[in-house]
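I opened my notebook to see what the side chains are up to in this one. Here are my entries, in the order I looked things up.

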Amino acid sequence: MGVPSHTVENGSVLVDSGQSRLRELGYKQELKRDLSVFSNFAFSFSIISVLTGITTLYNTGLTFGGPISLVYGWFIAGGFTMFVGLSMAEICSSYPTSGGLYYWSARLAGRNWAPFASWFTGWFNIVGQWAVTTSVDFSLAQLIQVIILLSTVLSFFGQLAAVWNLLGVVLLMILIPSVATERASAKFVFTHFNTDNGEGINSKVYIFVLGLLMSQYTLTGYDASAHMTEETKNADKNGPKGIISAIGISIIFGWGYLLGITFAVTDIPYLLSEDNDAGGYAIAEIFYLAFKNRYGSGVGGIICLGVIAIAIFFCGMSSVTSNSRMVYAFSRDGAMPLSSLWHKVNKQEVPINAVWLSAFISFCMALTSLGSLVAFQAMVSIATIGLYIAYALPIFFRVSLGRKSFVPGPFNLGRYGVVVGWIAVLWVATISVLFSLPVAYPVTSETLNYTPVAVGGLLFITVSWWIVSARHWFTGPITNI
């Protein structure tokens, strides 16, 4: 049965409903449970980080469709992402554990499929998280992040990250078009469709689909709210709130940021040209030109990029936080090599070894991306498609194998849960295909879309490891009470 969404009284002692539910699921409380609903929201919101995601892939949206893909594609991707988030929130309410997705799959896939379902989901989830961190983070920043994560002020830095992202978006969406001496018309922003992509693609539908990647890449990482549930007060209620609010607020603020920046776009080919001052990095050139044309110096634009750089730092910090909790939970259930080492908790109730491991692996993966566009594209592919596959699996099990056995928690979608779940699964299946299509013609080793290769490689390794070894010893989540 679902547990109450409020703190309940057990004799004369108040028992947190999330902690009570965790015990029912077979786990003892090892992590410090002191995060508020805002702190839980903050970690997911900071990983989504519209400043990070939009800035990173704005060139993609501008190249494939331009304003139309940016302005309307954002709402399309955002709307379907909300379906995914709602389904995840419903399951999170029932199973508020740090394991998150892989634990959900184990509980919903049925006894026979539980070990393989949790194994497969878990590795796609954890590698996808590493890829997210890799695509935004580098060595010195990671070292600072580890120090913060091992401190006793994690909740404060999580909240600071969310506030920085919110204020940063508001600042830039107002400042940049206000400073710019030349601004695009409303007609251009809301109706112009850029077909001049230089990649040999002429179909408008195809172009629009490719432009969606920017939006979908940005709107990911909100599983952090699930991974932080063992540290969140009343997690069976506040975990779902964290997921849904992070997505919803990101959609609203992200659209505002896109509008503000796009109103400063007047010459798409020049912004994408490698011959401009920013070497073809569109947003950097937009910021630089806005200040240079008005004040004769582009220093103000560089300072604005500093605002984004700090948001990227916070995004990496939150990613490492979420990832370390996933490592902690996955090793607690014996799924990782040297599991006994990674799920140790220090005196501050922080999974210290899991934090260091997450930062180290992300750093090693980042090294492969230095100077290699192919490697970076592989990281982005796994961070987007690989992670969304992990999102979709427990939802699929909830609406199929676990449809009759699923017991909802305090947050649930009622009779709409199955419908919302199927929409979420179909959307993930759709983007998995669409984002695997070629992004340039003719297809060569330099223009090949490496998404199928990267995700297929992860699939091969995960399944092979299971067949050769893991099926003999991994039995799925185990209790520690």
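Entry 1: I began with E230, which counts as buried because its relative accessibility is 0%; buried here means under 20% relative accessible area, exposed over 50% and partly exposed in between, with a 1.4 Å probe and protein chains only. Before going on, I noted that this is a predicted model, in which local features need pLDDT of at least 70, side-chain atom pairs count only at pLDDT 80 or more, and totals for chains, interfaces and linings use all residues. I also noted that residues are numbered from 1 along each chain as its sequence is written, and that side-chain values use heavy atoms, with hydrogens and water left out.

Which residue forms a salt bridge with E230? I found R332, with the closest N and O atoms 2.8 Å apart. For a salt bridge I need a side-chain nitrogen of Lys or Arg within 4 Å of a carboxyl oxygen of Asp or Glu. E230 is in the loop between α11 (224–227) and α12 (235–262) and R332 is in helix α15 (residues 299–332), so the pair ties together parts 102 residues apart in sequence. Helices (H or I, at least four residues) and strands (E, at least two) are DSSP runs, numbered from the N terminus. R332 counts as buried too, at 8% relative accessibility.

I then checked what else R332 does. Its charged end sits over the ring of Y27, 3.9 Å from the ring centre. That label requires NZ of Lys or CZ of Arg within 6 Å of the ring centre and within 35 degrees of the ring normal.

**Entry 2: other salt bridges.** How many salt bridges does the structure hold? I have six on the page. As a reminder to myself, side chains of opposite charge can pair when their charged atoms come close.

One of them joins the side chains of D16 and R33, at 3.9 Å from N to O. D16 lies in the loop between β2 (13–15) and α1 (17–24), and R33 in the loop between α1 and α2 (37–48), 17 residues apart. D16 is buried at 12% relative accessibility, and R33 is buried at 14%.

Another has E90 and R398 meeting at 3.1 Å, N to O.

**Entry 3: rings.** I counted aromatic pairs next, and the structure holds 31. Rings of Phe, Tyr and Trp (its six-membered ring) pair if their centres lie within 6.5 Å; planes under 30 degrees apart are stacked, over 60 edge-to-face, and the rest tilted.

Y95 and F406 are an edge-to-face pair, 6.4 Å centre to centre with 70 degrees between the planes. Y95 sits in the loop between α4 and α5 (101–108) and F406 in the loop between α18 and α19 (417–434), 311 residues apart. Y95 is buried at 5%, and F406 is buried at 8%.

W123 and F330 also pair edge-to-face, at 5.5 Å and 70 degrees. W123 belongs to helix α6 (residues 114–136) and F330 to helix α15, 207 residues apart. I have W123 as buried at 8% and F330 as buried at 0%. Both rings belong to one aromatic cluster, whose members include W119, W465 and W473.

**Entry 4: backbone.** Most residues other than glycine have a negative phi, and most peptide bonds are trans. I looked for departures from that.

The bond from Y441 to P442 is cis, with omega near -5 degrees. I placed P442 in the loop between α19 and α20 (451–468).

S49 has a positive phi, near 35 degrees. S49 lies in the loop between α2 and α3 (50–63) and is buried, at 1%.

N234 has a positive phi of about 45 degrees. N234 is in the loop between α11 and α12 and is buried, at 15%.

**Entry 5: the core.** The largest nonpolar core has 129 residues, and those with the most contacts inside it are Y58, V84, W104, Y257 and F287. Such a core is a set of buried Ala, Val, Leu, Ile, Met, Phe, Trp, Tyr and Cys residues joined through side-chain atoms within 4.5 Å. Helix α18 supplies the largest share, 13 residues.

What does Y257 touch, not counting residues up to four places away in sequence? My list includes V50, V169, M173, F287 and I308, where contact means heavy atoms within 4.5 Å.
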